[in-house]
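Subject: Structure handover

Hello,

Please find the structure below. My notes on it follow.

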Amino acid sequence: LKNYFLTTKEKLLIVLNNSGVETFEPKENTSSLNDHGCEVDVVTENTNDQNKNNFIFSTLRKGYRIKTTGNQVIYIKKALVKVYEYQKKEDSINKK
């Protein structure tokens, strides 16, 4: 039964690819706010670098898109990404 589903999945991906549908992964260390093809996961990666806040740490699930004849991109399924979340360092002086 498992082989049946794997074979069916492979065939479906071939059909989608032949129809112009392609998988994609957003670039890491780019802003997730500017990338309309990604969806941010609720789980984040902590960083003490404020410049990395909302930047893509990793791709958890690839997305699917198709390009039209006018080079317009239509997202069929957005990629799921994990982003950095800025965590301010606590002063060691305040902990005393």
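Start with Lys27, which counts as exposed at 63% relative accessibility. Here buried means under 20% relative accessible area, exposed means over 50%, and partly exposed is in between (1.4 Å probe, protein chains only). Lys27 sits in the loop between β1 and β2 (38-40). Helices (H or I, at least four residues) and strands (E, at least two) are DSSP runs, numbered from the N terminus. Lys27 and Gly37 are ten residues apart in sequence, and their C-alpha atoms are 11 Å apart in space.

A word on the source. This is a predicted model, in which local features need pLDDT of at least 70 and side-chain atom pairs count only at pLDDT 80 or more, while totals for chains, interfaces and linings use all residues. Residues are numbered from 1 along each chain as its sequence is written, and side-chain values use heavy atoms, with hydrogens and water left out.

The helix

Helix α1 covers residues 2-18, and Phe5 is found in it. The helix has 17 residues. From first C-alpha to last it reaches 25 Å, close to the 24 Å expected at 1.5 Å a residue. That expected span is 1.5 Å times one less than the number of residues.

How many of the 17 residues of α1 are buried? The number is zero, so the helix lies largely in the open.

Phe5 also belongs to a surface patch. Together with Leu1 and Tyr4, Phe5 makes a nonpolar patch of about 420 Å². Patches are made of residues with over 30% relative accessible area and no salt bridge; like charges are joined within 9 Å, and nonpolar side chains (Val, Leu, Ile, Met, Phe, Trp, Tyr) within 5 Å. The areas come from the Shrake-Rupley method with a 1.4 Å probe, and for residues only the protein chains shown count as cover.

After α1 comes Gly20, with a positive phi near 100 degrees.

The three-strand sheet

Look next at β1, β5 and β6. They form an open sheet in the order β1-β5-β6, with antiparallel pairing. Two strands pair if DSSP finds at least two bridges between them. Which strands are at the edges? They are β1 and β6, each pairing on one side only. Neighbouring strands of this sheet are turned by 35 degrees against each other on average, direction ignored. The axes behind that angle are lines fitted to C-alpha atoms, for helices over the stretch in contact, and angles run from 0 to 180 degrees between N-to-C directions.

Four bridges join β1 to β5. Four bridges also join β5 to β6 (residues 73-77).

The hairpin of β5 and β6 has five residues between the strands. Asn71 lies in that loop. Its phi is positive, about 60 degrees, although Asn71 is not a glycine. Asn71 is exposed, with a relative accessible area of 63%.

Asn54 is another non-glycine residue with a positive phi, near 70 degrees. Asn54 lies in the loop between β3 and β4 (56-61). At 27% relative accessibility, Asn54 counts as partly exposed.

The salt bridges

Side chains of opposite charge can pair when their charged atoms come close. The structure holds two salt bridges. The criterion is a side-chain nitrogen of Lys or Arg within 4 Å of a carboxyl oxygen of Asp or Glu.

One joins Arg65 and Glu22, with the closest N and O atoms 2.9 Å apart. This pair links distant parts of the chain: Arg65 is in β5 (residues 63-67) and Glu22 in β1 (residues 21-24), 43 residues apart. Arg65 is partly exposed at 22% relative accessibility. Glu22 is partly exposed too, at 29%.

Another joins Lys82 and Glu45, at 3.3 Å from N to O. Lys82 lies in β7 (residues 79-86) and Glu45 in β3 (residues 45-47), so the pair ties together parts that are 37 residues apart in sequence. Their C-alpha atoms are 7.0 Å apart in space. Is Lys82 buried or exposed? At 18% relative accessibility, Lys82 counts as buried. Glu45 is partly exposed, with a relative accessible area of 26%.

Best wishes
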